[in-house]
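Walk through this model with the structure open beside the text.

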Amino acid sequence: MAVISRGFGGHRRESDPSLPPGQYLTTDFPVLSAGPTPRIHTDEWEFSIATESGAVHKWNWEQLHALPIVDVDTDIHCVTRWSKLGTHWRGVSLDTLFEGVDTSYQYVMEHSYGGYTTNVPLADLMGNKAWIVTEFDGAPLGPEHGGPARLLVPHLYFWKSAKWIHGLVMQKTDQPGFWEQNGYNLYGDPWLEQRYS
Amino acid sequence: MSDVTSELQDNGVAPASAVDTTVWRVGTVVSAERESTSGRSLTIDVPGWGGNLAGQHTDLRLTAPDGYQAVRSYSIASAGAGQRIELAIDEVPNGEVSPYLVEDVMVGDQLELRGPLGGWFVWRPEDTGPVQLIGGGSGIVPLISMIRSRAAANSAAPFRLLYSLRAPEDAFYRGELGRPAPGLDVTWLYTRRTPDDWPRPAARITAADLAAVTIPPSDNPMVFVCGPTGFVEAVADALVGLGHPAARVKTERFGGA
């Protein structure tokens, strides 16, 4: 039973049923990251998917852009409690990138330029639910928001949408990544409010 | 998290396994101090709180008489064992929670806390290497907890603080930072208006400022940067430009609500 905070509640924000529990709406685009922003030029950028067989599937910037580019309109939810509705992105579906990938492992570690990692089940990347995005609101994705390319997995808290994405490594078991080792939830469903470990 | 648990025990802070950091605990405000024109510190007694490391934060929950709730995260200004924690809050204009905490809440009032949270932006007393702290505005809060943790542990780790403020009246913990412990060096920097006869004109922080008054990369300091996003981005970029390895620069950004 929660205690009542005397006199609180006069300046409440309007509730919005499209927001997960404990989130508030923002029209800004705040930034959460743990260190300096890596600066990656598109001519040196590379993305890979590595599997248990030792196979490494690689794409450079031109090869990524030769794949079908799709528009994505979605809401995003940050563990620090802001949500942003109706964001617009462009990028390549993970379904497309996994088309030629043969793996029996069910878990993925996302690796970023700069060394950060975060874990996600493969099932959460498949089925038109996740993309490698390179544009936000009609412009190239800025470095502070993860450019030149970030993962977008909007049905999970936004730290699972790794900035400065560099590669995916298939995992036999669900191991915690950088953020998960530092107190955040292994899965991170905003609708179940899975913020912390 | 087993390595974190063992270090908590080394610090005399309750082991994580003994304290459930996911439950809401009722806290009672035991003192409130005006810190600046827009900020206030609150000391809160929280039975069951298991202590915290310097730099960690807490969730704070307020409940209105009709059951409406709002939750925000705040950095903790205190560190160590015990069930009393100190928060310092800067009022965000038109915010929902911060104006209540800065203007309305009184000694004796109750609110709820959950934590401590976060295992990255922390300093542990057993770390003996040099530490550079760089705070912008209310970003001083987790840094003051590191300064206090260092003093409480009688640590000889060299500390430097660079504190960037709009104007003198915006300073948090001016008195405490005006009497630094041995081995702590404090530099003030003003971006809009300086005190009288201040040598550096009011201006945003630059790479030249960082080169002049922070620990050089050759000393391999751990650098903690906290403040608004633009401040943190600019400072972290400049630090990397000066030669600090990115892995030695830890950042925390403040968004307002």
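Start in chain A, where Arg90(A) and Glu135(A) form a salt bridge, with the closest N and O atoms 3.7 Å apart. A salt bridge here is a side-chain nitrogen of Lys or Arg within 4 Å of a carboxyl oxygen of Asp or Glu. Arg90(A) sits in strand E5 (residues 82-93) of chain A and Glu135(A) in strand E8 (residues 131-136) of chain A, so the pair ties together parts that are 45 residues apart in sequence. Over all chains, the search of the whole structure finds 20 salt bridges. Helices (H or I, at least four residues) and strands (E, at least two) are DSSP runs, numbered from the N terminus.

The model is predicted: local features need pLDDT of at least 70, side-chain atom pairs count only at pLDDT 80 or more, and totals for chains, interfaces and linings use all residues. Residues are numbered from 1 along each chain as its sequence is written, chains are lettered from A and ligands numbered from 1 in the order in which they are written, and side-chain values use heavy atoms, leaving out hydrogens and water.

Stay in chain A for two backbone details. The peptide bond between Gly147(A) and Pro148(A) is cis, with omega about 15 degrees. Pro148(A) belongs to the loop between strand E9 (139-140) and strand E10 (150-152) of chain A. Asn128(A) is not a glycine, yet its phi is positive, near 60 degrees. Look for Asn128(A) in the loop between strand E7 (117-121) and E8 of chain A.

Now turn to chain B. An automatic or database domain assignment sets the domain bounds. Chain B is divided into domain 1 (3-117) and domain 2 (131-254).

Consider the antiparallel sheet of chain B. Its 6 strands form an open sheet in the order E4-E3-E6-E1-E2-E5. Two strands pair if DSSP finds at least two bridges between them. E4 and E5 of chain B are the edge strands, each pairing on one side only. Neighbouring strands of this sheet are turned by 40 degrees against each other on average, direction ignored. Axes are lines fitted to C-alpha atoms, for helices over the stretch in contact, and angles run from 0 to 180 degrees between N-to-C directions. E2(B) and E5(B) run antiparallel and are joined by 7 bridges. Arg40(B) has Ile89(B) as its bridge partner in E5(B). Strand E6 of chain B holds Pro116(B). The peptide bond from Gly115(B) to Pro116(B) is cis, with omega near 5 degrees.

Next comes a parallel sheet. Its 5 strands form an open sheet in the order E9-E8-E7-E10-E11 of chain B. Strand E9 (184-190) and strand E11 (249-254) of chain B are the edges. Contact means heavy atoms within 4.5 Å. Helix H6 (residues 229-242) of chain B lies across E7, E8, E10 and E11 of chain B, at about 155 degrees to E10(B).

How do the two domains of chain B meet? Their C-alpha centres lie 23 Å apart. In contact are 18 residues of domain 1 and 16 residues of domain 2. The size of an interface is often given as the accessible area lost when the parts come together. Buried area is the accessible area (1.4 Å probe) that two parts lose on being put together, summed over both. Domain 1 and domain 2 of chain B bury about 1,200 Å² between them, 53% of it on carbon and sulfur atoms. Glu35(B), Ser75(B) and Ala77(B) supply 33% of the area that domain 1 buries against domain 2. The rule finds 1 salt bridge across this interface.

Finish between the chains. Chain B places 43 residues in contact with 30 residues of chain A. The two chains bury about 3,100 Å² between them, 53% of it on carbon and sulfur atoms. There are 4 salt bridges between chain B and chain A. Asp109(B) and Arg6(A) meet through their side chains in a salt bridge (2.6 Å, N to O).
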